[in-house]
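Please walk me through this structure, beginning with a single side chain and ending with the chain as a whole.

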Amino acid sequence: MEIKYSEDGKTLIKAIGVEGHFEIPNTVTKIGDDAFEDCDKLTSLGIPAIVEEVDEGAFVNLDGLDTFVVNEDNPAFTAVDGVLYSKDMRKLIAYPKAKEQQEYVINDNVEAIGECAFGENQKLSVVTIPASLKTIGDYSFCFTSLESINVHSDNETFLSLDGVLFTKDLNELIAYPPKKDTNHYQIPSNVKKIRDLAFVGSVNLIQVEIPNSVTKIGSHAFEACEGLIRIKIPNSLTKIEKSVFADCINLNQIEIPNSVTEIGKHAFKNCKELKYIEIPYSVIKIGSFAFEDCANISIMELPGTVEEIGTRAFVGCSRLEAFYVDNNNRYFFSKEGVLYYGEDDDYYREDDDYYLADDDYDGYVDETKLIAYPSEKKEENFCIPPGIVSIDDFAFFNCNGLSSIEIPDSVERIGKSTFSGCKHLTSIKLPESLTRIEMRSFKKCEGLSSVIIPSKVRTIEDLAFYGCNGLKSVVIPHSARKIGHKIFSKCPNLKEVHCGVTDLSYVSDDCFGDLTDYTLFVPIGMGYAYRHHPAFKNCKEIKIEY
């Protein structure tokens, strides 16, 4: 067991390994956010008289907690039947997740329910809200076993219809009980807003009908609705918010109306059964990770209106064969199924062919950044077109069909994890223009046998070649100044390292990780420095080469 406090000892920051009953020391005046996170074996918690502040979320993930005990002299808090309230009983702060009770009626004086108060509770089936309640904190009913949320008929703020929680005027749907025994749900026709997390984790839903009165669906609203198969978004909506349909693993039918201008971050992340999605001509922005891990999408068509695509928007689309971009798009285009973004006028497009522009050509932005290469594209060899300046993060992530890639000398940046997981990549020549190798750039490129790092590279970031178990030799130039952590860890066949670095100040002690039994070639006069640097302690032999 370990307890961490603030410097003055007044704030309990973190409790680790606490079990059974735990009595908070009477020197503590504040319990911090996530203070008891993941203390699964904590069954009851004693709060002394001196505690005067509890952060929201202080008691999340306490799966074994069944009782709060509060000193009767505490002026700020009290416990009623093991449930934690404010002293004046106007706020329910936390309901113990392991409390053995299927129905709970909130005390009549309560005006507020705290953040995460009932979150992830798998014991309760029904919660009844009193007439006095005015506010409900975020995450209050998320991922619970609730089948019904009832509201006293005299409550002036909230209303329950068939166990679903709304505002009194029915303008907002606040929470749908996650274990409600209904496959098909039709949202009332006068609802204007679906709140954040409203349906999150609802396991029985297969279909939801959303009326055209709805103008906003909050972030995470349908996240992890694993049974959801189809949903139609109303044409009154202008934005698909963050993570709205993330982890809807069986969702296979969805229609985005032409009123939508933005698809938010993680919007369709891990929707594994989506085979096709039509992005309408109204969409201007696609957020980061928007279609991450949509493993069954084979074709991605982008309209002419799209101006912005966030990082990793299509990473993990493992069956994606091609991108197609409308010819009217002035920011993106596809060539042979590969997605690009332009930032100069080196190339122009005419009749779907690409031509090098002369000095008089003043065409729109064109081929400067490679955004994404389809994972399931059939070619084994790929030549990146000349004029490309940058390759985006994760652009070739897990492209297992590729065996060789030619990169032109115009490329100045290769992003993070760009070639990570390209297991069959056996040949790659890095451009002389490169000055930096980013984190995980070639992680688990198991087919690579040799790498020559270009002479202008100054920085090699963490894990750059981690897990390249076919790698036998590598050349690191004199220009390198910083060599990060575990660059060549898990490269058991690496036997020959040529390293021209003369200043070892920024060479990480673990840059070679678990590598042993290799021969190191170093510059004249550097033998002693290399022999006494921790990074090279497992080197079999050091030879002077340069």
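Phe419 is buried, its relative accessible area being 0%; buried stands for under 20% relative accessible area, exposed for over 50% and partly exposed for what lies in between, with a 1.4 Å probe and protein chains only. Phe396 is likewise buried at 0%. The model is predicted, so local features need pLDDT of at least 70 and side-chain atom pairs count only at pLDDT 80 or more, while totals for chains, interfaces and linings use all residues. Residues are numbered from 1 along each chain as its sequence is written, and side-chain values use heavy atoms, with hydrogens and water left out.

Rings of Phe, Tyr and Trp (its six-membered ring) pair if their centres lie within 6.5 Å; planes under 30 degrees apart count as stacked, over 60 as edge-to-face and the rest as tilted. By this rule there are 30 aromatic pairs. In one of them, the centres of Tyr104 and Phe118 are 6.4 Å apart and the planes stand at 50°, so this pair is tilted. Both Tyr104 and Phe118 are buried. Phe396 and Phe419 form a stacked pair, with 5.0 Å from centre to centre and 20° between the planes. Phe396 sits in the loop between strand E37 (390-391) and strand E38 (404-406), and Phe419 in the loop between strand E39 (413-414) and strand E40 (427-429), so their pair ties together parts 23 residues apart in sequence. Both rings belong to a cluster linked by ring pairs, which also includes Tyr373, Phe382 and Phe442.

Contact means heavy atoms within 4.5 Å. Beyond its neighbours within four places in sequence, Phe396 touches Phe419 and others, among them Leu370, Ile384, Leu402 and Cys422.

A nonpolar core is a set of buried Ala, Val, Leu, Ile, Met, Phe, Trp, Tyr and Cys residues joined through side-chain atoms within 4.5 Å. The largest one has 60 residues, and Phe396, Phe419 and Ile476 have the most contacts inside it. Strands E32 (338-341), E44 (473-476), E46 (496-499) and E47 (519-522) each supply at least two of its residues. A second, separate core of 59 residues includes Ile187, Ile210, Ile286 and Phe323. In soluble globular proteins, nonpolar side chains tend to be buried together.

Of its 546 residues, 53% count as buried. The C-alpha atoms fill a box of roughly 80 × 60 × 35 Å along the principal axes.

Definitions and conventions
Helix = DSSP H or I, 4+ residues; strand = E, 2+ residues; numbered from the N terminus.
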